[in-house]
Amino acid sequence: MSNKNKIIRLELIKIYGKICFLGEPLTKENYITLHHIIAERNKGKTNIENGALLSLFMHQDLHFIEHWYYGEYDYLNEYLKYYKETQDQIEKQRMNAYVKKLTREIKIDKARK
């Protein structure tokens, strides 16, 4: 992780607490990471406005979804912006279940091929 990523991750933790915006429990193995809402490869900046806190496993699932359902990936990134504004706990749990559902669907589809 770059030093700038680490700084922004720590700043987001100061603002929101050490949580996953998609509601996944944190553990030693499932630690908090910085997700760029607009990817760096798409000229997304490493700053507080473009950052979201995700557990490692949820971050991996999100990028797994990106490669299979790009529209859903965009939808999930829009949710991350919404969460930063509202900290809506009910929606956070719904989105957690949604990510897990999409990930399961992709794995089932891959197994069929």
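Mentor: Begin with burial: a residue counts as buried when its relative accessible area is under 20%, and as exposed when that area is over 50%. Keep in mind that this is a predicted model. In the protein chain, 42% of the 113 residues count as buried.

Trainee: What pattern does the protein chain follow along the sequence?

Mentor: The pattern is α-β-β-α-α-α. That comes to four helices and two strands.

Trainee: What radius of gyration does the protein chain have, and what would a compact globule have?

Mentor: A compact globule of 113 residues would have a radius of gyration near 13 Å, and the protein chain has 14 Å, which agrees. The C-alpha trace spans about 45 × 30 × 25 Å along its principal axes. The protein chain exposes about 6800 Å², of which carbon and sulfur atoms supply 55%.

Trainee: Among contacts between residues at least 6 apart in sequence, how many join residues at least 24 apart?

Mentor: The share is 64%. For this count, contact means heavy atoms within 4.5 Å.

Trainee: Let us turn to one helix. What should helix α3 span?

Mentor: Count 1.5 Å a residue. Helix α3 covers residues 70–86, and its 17 residues should span 24 Å; the end C-alpha atoms are 24 Å apart, so the two agree.

Trainee: Which residues of α3 are buried?

Mentor: They are Y73, L76, N77, Y79, L80, Y83 and K84. These residues cover an arc of only 155° around the axis, which puts them on the same side of α3.

Trainee: What do the buried residues of α3 pack against?

Mentor: Their partners are the helices α1 (3–16), α2 (56–68) and α4 (89–112), together with the strands β1 (32–36) and β2 (51–55).

Trainee: Which residues touch the most other members in the largest nonpolar core?

Mentor: That core has 26 residues, and F21, L22, L54, L76 and L80 touch the most other members. The elements giving two or more residues to this core are α1, β1, β2, α2, α3 and α4. Take L22 as a case: leaving aside neighbours within four places in sequence, L22 is in contact with L54, M58, Y79, L80, K92, M95, N96 and V99.

Trainee: Is E66 buried or exposed?

Mentor: E66 has a relative accessible area of 7%, so this residue is buried. E66 lies in helix α2. Apart from neighbours within four places in sequence, E66 is in contact with R41 and Y73. Y73 also belongs to the buried residues of α3.

Trainee: Where is K43 found, and is K43 buried or exposed?

Mentor: K43 sits in the loop between β1 and β2. Its relative accessibility is 76%, so K43 counts as exposed.

Trainee: What value does phi take in Q87?

Mentor: Phi of Q87 is near 55°, a positive value in a residue other than glycine. With 37% relative accessibility, Q87 counts as partly exposed.

Definitions and conventions. Residues are numbered from 1 along each chain as its sequence is written. This is a predicted model: local features need pLDDT of at least 70, side-chain atom pairs count only at pLDDT 80 or more; totals for chains, interfaces and linings use all residues. Side-chain values use heavy atoms; hydrogens and water are left out. The expected span of a helix is 1.5 Å times one less than its number of residues. Buried means under 20% relative accessible area, exposed over 50%, partly exposed in between (1.4 Å probe, protein chains only). The arc is that of the directions from the helix axis to the C-beta atoms. The radius of gyration is taken over C-alpha atoms; the globule rule is 2.2 Å times the number of residues to the power 0.38. Accessible areas come from the Shrake-Rupley method with a 1.4 Å probe; for residues, only the protein chains shown count as cover. A nonpolar core is a set of buried Ala, Val, Leu, Ile, Met, Phe, Trp, Tyr and Cys residues joined through side-chain atoms within 4.5 Å.
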